Structure formats: structure tokens, C-alpha cells
Amino acid sequence: MTDFAGPAQSWSLVAFCSVVTLTLLLCVITGPDREDLDEFYTGYRSLSPLRNGLAIAGDYISAATVLTVGGIIALCGYDGVVLALSTLLSLLLLMFLLAEPLHHTGRFTMGDVLAHRMPGRAVRITTCAVTLAALAPMMVVQLAGVGQLLAFVLGFSGGAMRTGCIIGAGTLMITYAAIGGMRGTALIQILKTVILLGSGLIVAALVLHTFGWSPQTLFTSAAHNSGAGPDYLRYGLQFTGGQHPALDMISTQCAIVLGGASLPHVTMRMYTAGSTRQVRRAMSWAVCAVALFIAVMTVITVGATALIGAKTIAAADPRGNTAYLLGARAAFGTHLSRTEGLLLTTVTTAIFLTLLASVASMTLACANSLAHDVLTRPGTPPLREMARARLAALAVGTPVITLAVLAQHRSLQPLAITSFCLGASAIAPALLLSLFWRRYTRAGLLCTLIGGTLTVLILMTGTNLVSGTPQSAFPGADFNWFPFTTTALVSVPAGFLCGVLGTALSGRRTGTRERHHYETVETVVLTGPPHPHNG
Amino acid sequence: MSSDSSELRPLPHRAARHASAVTPGWATGRARPWTGPHRDLRLLRRACRWQRRIAALTALGYFAVFLTLTVQTPSLMARPAPGGLPLGLFLALAQLPVTWLAVILYELTAHRLVDPLARRVRRQTRDAQARP
């Protein structure tokens, strides 16, 4: 019941190939047709709010969310549901706090937002470095996930095949980012969100139908089959191994809530909306779509535990990464009719597309930042900047593919957590303080970015995801000196504190000057640029 | 969210280099600008700030209370809630419809309270720039 043998496999192979062809075609057709920076970076801000919202949701629902969080829901129940909710809350906070100011001040990249108030090359270069540091680990996780997923769905076990899959998917993502630009990747994301939500809704309805449309029956049978009994519906299964389970849980939620939505591949979609009203409407669609998807994911993965038991899920993958697929497989039963087989293939295709699309967006965010913030100066011809952005996609993609090939057999959770912690401890404080704090100075901004990043990177080496436990990345070694899963408990306050200290140390006069300067910027932060962005 | 305190301690107006040497009365702090661009900007700033604060604090507050209850009083959260699920799970799943509601409320208030002010300030800025 847990394997994808027979016709499902050949169907999947056909579907994957068609998806690859179709998306490549989409990229070529919708890619920028004139040598215009605005078109390459933002697609002329011509997407309607609904489409933009679906693209934001697509960017936000990364494969790491679907597979990892799905696995945690299936195996740990309550803790996983809370984790999924904090993911949603993160996007909601992005909508309430940052979406409109980001849209008003940013042009193409996060470097534009920060440099809008504090112009300077140092700011841009640091921002680009933090962007790369935050997104590269996430890309490695997703690419290695492609290998795992294809091995699971298509049923091969050879290491060479896996490596081949990773390299193939990596090449595809570079192509998407380089050819498609913002518009191309947006269309892929829209396609992915629609397929993922559509197929998910059908499967969730099937699961609920199996349990007589009663959430109570669903959750009780999941608790019964999870092996944990009523503990499955209470907090504490996920962090049982740690020394401070309560603090660990709060720290993890903090990292997700602050970090999830401030990662640059999500915030870059704020610049592609046309007006303030459109960005708000787009975010509404995105939040609604993500909320719907979280409900769907909860039902499917809890259904997986209820139908086939936690032992089977853990046997397929110790972290339960395949729970979403197993849940879908179990919902259709043992004997598949042709329609059911087709639907199951749609589910696997949606996950495959999720992996490809999220990596492509992250590559695009990194490449844009590298090209726009570091490699070009004001006055560089647009043609050259676009060529550099395309080369940057290659320059970012190649090392990431190499890393993914090297790291594919280790636990990749620390890498994903590093991304979220960097978002929460360096990017979120920098954006919040620079958009809303009048006295914030350039030294403060640099301190936040550098201090927050260093704190995360240093503390991360000591967490129990890296060493000390059998599930960690280096199970043989034990240099676990920071007894938590995430670093957010220390690194988020550290990020904010670095900003405050840096501002205080740059002197009262600089602070007052910045305050006066903020007055000139404030109208733009509140209402947007006087002339709509044009070239 | 914003830590700006300009309304409590208004800054003295600093004339730009090309401005006239005679500082207008409202800029020296003798009289407050009750009308005109500064007032609109102030109103807009206040509206934005309150909307952001209330929206973000409500969302964060609900989650923080929920998380604290989860961690501190597991026995309370294990009690059955209406529908038969444990209270914790019920509160967790209730967040999904609450989120939809929050989004609608936010859109409505922004459309009613913030957008007209922003439009006015934007028009004034454009006019001021168009004027030689």
C-alpha cells in the first residue's frame, strides 16, 4: 500500500516529463521579450492581484514546508499542526506589517529597500551576502529533496540515479530563472499552486469521506494508529528528546513566525504588484490560499497516520517526509481505477512541481540580488545588467547543485532551520527597524545584518540538529553545546540588540541626522513613490 | 510597531536649502499646522500606525496566548472542546477561519481609513513637486 509500483510509476514518469516540457515552454513564451530591466525583474507589475497572490502563495509553500511540516504533522500530531499554523501566521504578519512599505520603497530587490533609506555600497553588498546565506541552505534542502522524491515515486534506489536527478533538476531551475525572469517563475508558481490546491482538496475530501466527514473520528483514529495514544493530540511529541521542550518549541515557532515570510524569495513578490491596493489584495489571496493549503495538508497527513499508521510512515522515511504522498496513496485505497491513478499522479506531479518551482524562485531571488546589488553600479546599461543577472543564476546554481549532491545523504533539517533563523534574526530585524525606526543608522543596519547572521551561524553548529542525536546531520560526533533545535531564542534578540547598539554607538548627531532624513523618506514609506515605478 | 514619537515631541521644521529665508509661523513651533500637507501626513501616519499595531498585535497576541497555554497548562488544553476534539487542537484549527476573517477586516479598514488619506498625501506631494 505504500509503494508506487506498476502503472502509477509509469504515469508519474510521463507526467513529470510533460511538466518539465510545459514549464520550460511557459518560461520561453512569457520570458522578457525586450531588453528592459523592469520587465525582467518585475514583469512590468502587470499581474492581476489574484495571479500575484497565487504566485506569492506558490513561493511561500515551498517543498520543505509540504514535506517536512507534513511529516511532523503525521508523526507528532499536535506539534506539527502548531508548526503549520506559525507558517500561516508568518505570512499574515508580512501582510500586516511589511507588504505595503516594502512595495513602496523597493524596486527590484531587498537591497533597494534598505538602500532607499541608507544608500551605499556596503549596505547593498551586505544585503546580498545575507540573501545568499539565507537562501542557499534552503535551495540545497529542496534540491536534495528532488532526489529523494523521485527515488521514492519512481522506485529506484541507485545513488547515481539520485545524483543525476539532482543535477537535472538543478539545471532546470537555473534555466527557469535565467530565461523566465520574474514573469516566467510567477507563471510556474501559479500553475503549481493551482495543481497543488486542486489535487489536495480532492484528496482531503476523500480522506474526510473515509472518516464520515467527522474531524473527531479522523483525529481519534490517527491518535490510535500513531502509537502514542492521546499524546498525539497534545503538545510535546516533537521535542521529547531535548532538555527544555517548552523553550525549544517556543524558539522554533519564533524562528518560523519571524523568518518564514521575510525570506527574500517571498518579499521579492511584493515589488511585482502595481499599486498599494493591488499588493494588499494579492496578499489577501495569498494568505487565504496558504490557509486553505494548511487545512488540506493537515487532513491528508493526519489521514495518512489514521489510515496506514505511524510505523509505516516512519519506515518509508524516518522523518515522515513522504507522509503527504502516502496519505494521498492511502486515500485512494489499494485498487486504483484509471481516474484514481490519474489523480494520484496529479498529486505527485504537484509535489514535483513544488520542488522545481520553489528552487527556481530562490535562484531568481539570489541571482537578482547578486546582479542588481553587487555586480552593477548606477549607469550600467540594462542589457549588461540582464546578462549579468542570467550569469548570476548560473553562478548561484552551480555551487548549490554541488552542495546538494554532497549533502543528499545527511539530515538536511539543520539547513532548513538555518534559513528560517537567518530570516528571523537578520532580515526581519533589518527590515522592521529600517522601515519604522527613525533613528536607525547605517552602522546599526550593518550591525543587525552581520551580527544576526554571525550569531545564527555560530550557534547553529552547537544545536542538537547538527550533532549529538541519531537523527542529526553528524550522528557520529557530539559537539552539542547549545541544547536547542533552533537558535531563534538567542539570535532574534541578538539581531535586534545589534541594531540598537550599532545605532547608539554611531552617536547622537548621526541619530538626529537620520531622523531628519527619515522625514523625507517617510512619505514614500507611507504612500509609495510619487511617480509609479517606471524604468 | 513603529517607534516613532514625533507627535509627542514635534521636531522643529528645517528649511531646505532652496527655501525662502523667512521661516513660516507654523514651522517655528508657535502655531501647529492644523491644515495642509503636514496635517494630512500626520493623520496618515497615525492611521497606518494604529492599523499595523492593532492587526499585528492581535494576530501575534492570539498565537502567543495559545502557545503559552499549550506549554504551561497542557491539562487544560487536553480537555474536550465542543465537537469532541481536545481544546488545544480546537483552538489551533479555529485559527484558520479566524485568519480569513482577519484578512477581510484588514482590507476593509485599510480601504475605509487609510487609502483616502494616502491618496490625498500622494496628490499633495505630486502637486508640490509639479510646482516650480
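**Where the chains meet**

Mentor: In this model, 44 residues of chain B are in contact with 38 residues of chain A; contact means that C-beta atoms, placed from the backbone, lie within 7 Å. The model is predicted, so local features need pLDDT of at least 70 and side-chain atom pairs pLDDT 80 or more, while totals for chains, interfaces and linings use all residues. Residues are numbered from 1 along each chain as its sequence is written, with chains lettered from A and ligands numbered from 1 in the order in which they are written.

Trainee: Which helix gives the most to the side of chain B that touches chain A?
Mentor: Helices here are DSSP runs (H or I, at least four residues), numbered from the N terminus. On that side of chain B, α1 (37-72), α2 (74-78) and α3 (87-130) each supply at least two residues. The top contributor, with 19 residues, is α3(B).

Trainee: How many residues of chain B's side are charged?
Mentor: Asp, Glu, Lys and Arg count as charged, Ala, Val, Leu, Ile, Met, Phe, Trp, Tyr, Cys and Pro as nonpolar, and the others, Gly among them, as polar. The side of chain B that touches chain A has 26 nonpolar and 10 polar residues, and the charged ones number 8.

Trainee: What percentage of chain B counts as buried?
Mentor: A residue is buried if 20 or more other C-beta atoms, placed from the backbone, lie within 10 Å of its own. Chain B comes to 3 helices and 0 strands. Of its 132 residues, the buried share is 20%.

Conventions:
Two residues are in contact if their C-beta atoms, placed from the backbone, lie within 7 Å. A residue is buried if 20 or more other C-beta atoms lie within 10 Å of its own, exposed if 12 or fewer, and partly exposed in between; C-beta atoms are placed from the backbone.
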